[in-house]
Amino acid sequence: MDFKKSNQIAILGSGNIGLSLAKGLAQSGLYPASSITLTRRNIEALDEYKFQGFQVSADNVSASAQADIIVLAVLPQQLNQVLDQIAGQIDVSKHLIISVISGVSCEDIRNRLKKDVQVVRVMPNTAIAIKQSMTCISVGNASQENIELVKNIFNTVGICVVINEELMTSATALCACGIAFFLRSIRAASQGGVEVGFHAGEALKMAAQTAKGAADLLLQLASHPEHEIDKVTSPKGCTIAGLNEMEHNGFSSAMIKGIKLSAQKAGELYDKD
Ligand SMILES: NC(=O)C1=CN([C@@H]2O[C@H](COP(=O)(O)OP(=O)(O)OC[C@H]3O[C@@H](n4cnc5c(N)ncnc54)[C@H](OP(=O)(O)O)[C@@H]3O)[C@@H](O)[C@H]2O)C=CC1
Ligand SMILES: O=C(O)[C@@H]1CCC=N1
């Protein structure tokens with residue numbers, strides 16, 4: 001099968017990340033809503049998406065049979081049941097499996113489905129809903145053609161990089177959990193903003209735009225954070241006073257320790273049996 005012509009996607013497990021992916025794909029124009037089937041058991045929760053033109057179903061088996069690409073997006077503890085349901089439906093000459101599930105290897109999935117089915121593991125984040133995901137991909141046993149297909153999909157809804165599979169739990173912590181870490185930082189900054197005089201709404205907007213500017217300084221100028229920080233910290237000034245106070249309270253250390261713990265936990269989420 002020529003996967004470049006793949007045009008039907010089934011997202012098995014349409015919760016937070018599954019729906020974020022569906023929104024991003026539909027927005028990108030690469031896969032119109034009508035070519036995407038969303039599944040979950042509580043199908044009423046997908047009414048809004050049905051109205052938007054997505055196909056919705058509670059039947060993983062028929063959704064998989066009709067699809068070229070099957071995206072696995074249930075929780076790790078829900079995965080084995082779904083794999084056992086669809087295993088009989090898998091056609092290795094037709095199907096490409098894309099798993100976004102943390103802590104589950106391509107080999108784990110092949111062992112439970114079919115040994116020679118092509119499985120790619122990806123780790124997007126929820127910014128995929130607005131085509132701003134940082135997505136890490138490990139290519140498993142996919143053909144070059146399918147690797148290009150997957151890279152094209154995830155470059156259309158953000159930026160993707162191919163990494164070794166042993167780094168996928170680290171990518172989970174840094175990029176997928178990372179969205180929450182940066183959001184909490186922005187929330188904390190806005191709370192500080194309220195303390196120094198702004199209303200909550202304006203403080204949040206100001207903090208978010210400031211965070212976006214900081215990220216863009218690094219991305220657009222390919223600059224290093226400390227180089228940009230040096231430009232802000234005037235001698236004897238207020239920035240270095242605030243920054244050092246944060247560091248005395250463990251700012252960098254807290255982020256580093258949190259990312260390490262998340263990466264460890266990401267590797268412990270799946271029970272093969
Ligand atoms: N959230 C994130 O930012 C990211 C999550 N991930 C990974 O994505 C996966 C999903 O996470 P997340 O979206 O947060 O979790 P959610 O709980 O939001 O989504 C899981 C969905 O799966 C559905 N589901 C459960 N069992 C079945 C089944 N048998 N058939 C079909 N659908 C089913 C659930 O709906 P119902 O109960 O109605 O069936 C639910 O909507 C996890 O493995 C996680 O590690 C990866 C990257 C980022
Ligand atoms: O918290 C979790 O387990 C999932 C995986 C990455 C983001 N959310």
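Reader: Which residues in α7 meet which residues in α12?

Author: Thr-169, Ser-170, Thr-172, Ala-173 and Leu-174 of α7 meet Ile-259, Ser-262, Ala-263 and Ala-266 of α12. Two residues are in contact if their C-beta atoms, placed from the backbone, lie within 7 Å. The residues of this contact divide into five nonpolar, four polar and no charged. Here Ala, Val, Leu, Ile, Met, Phe, Trp, Tyr, Cys and Pro count as nonpolar, Asp, Glu, Lys and Arg as charged, and the others, Gly among them, as polar. A word on the model: it is predicted, local features need pLDDT of at least 70, side-chain atom pairs count only at pLDDT 80 or more, and totals for chains, interfaces and linings use all residues. Residues are numbered from 1 along each chain as its sequence is written, while chains are lettered from A and ligands numbered from 1 in the order in which they are written.

Reader: How should I read a helix pair, and at what angle do α7 and α12 cross?

Author: Two packed helices are described by the angle between their axes and the distance between the axes. Helices (H or I, at least four residues) and strands (E, at least two) are DSSP runs, numbered from the N terminus. Axes are lines fitted to C-alpha atoms, for helices over the stretch in contact, and angles run from 0 to 180 degrees between N-to-C directions. The axes of α7 (residues 168-176) and α12 (residues 251-266) come within 8 Å and cross at roughly 135°. They are therefore oblique to each other; angles under 35 degrees count as roughly parallel, over 145 as roughly antiparallel, 65 to 115 as roughly perpendicular and the rest as oblique.

Reader: Is the crossing of α7 and α12 left-handed or right-handed?

Author: A crossing is left-handed if the near helix is turned anticlockwise from the far one by less than a right angle, and right-handed if clockwise. For α7 and α12 it is right-handed.

Reader: What surrounds ligand 2?

Author: A residue is near a molecule or strand if its C-beta atom, placed from the backbone, lies within 6 Å of it. Around ligand 2 these are Ser-102, Thr-172, Ala-176 and Cys-177, two nonpolar and two polar, with no charged residues.

Reader: And which residues come nearest to ligand 1?

Author: Gly-13, Gly-15, Arg-41, Asn-42 and Ser-102 come nearest, of 28 residues around ligand 1. This shell has 13 nonpolar, 13 polar and two charged residues. Helix α4 gives the most to the shell, with four residues.
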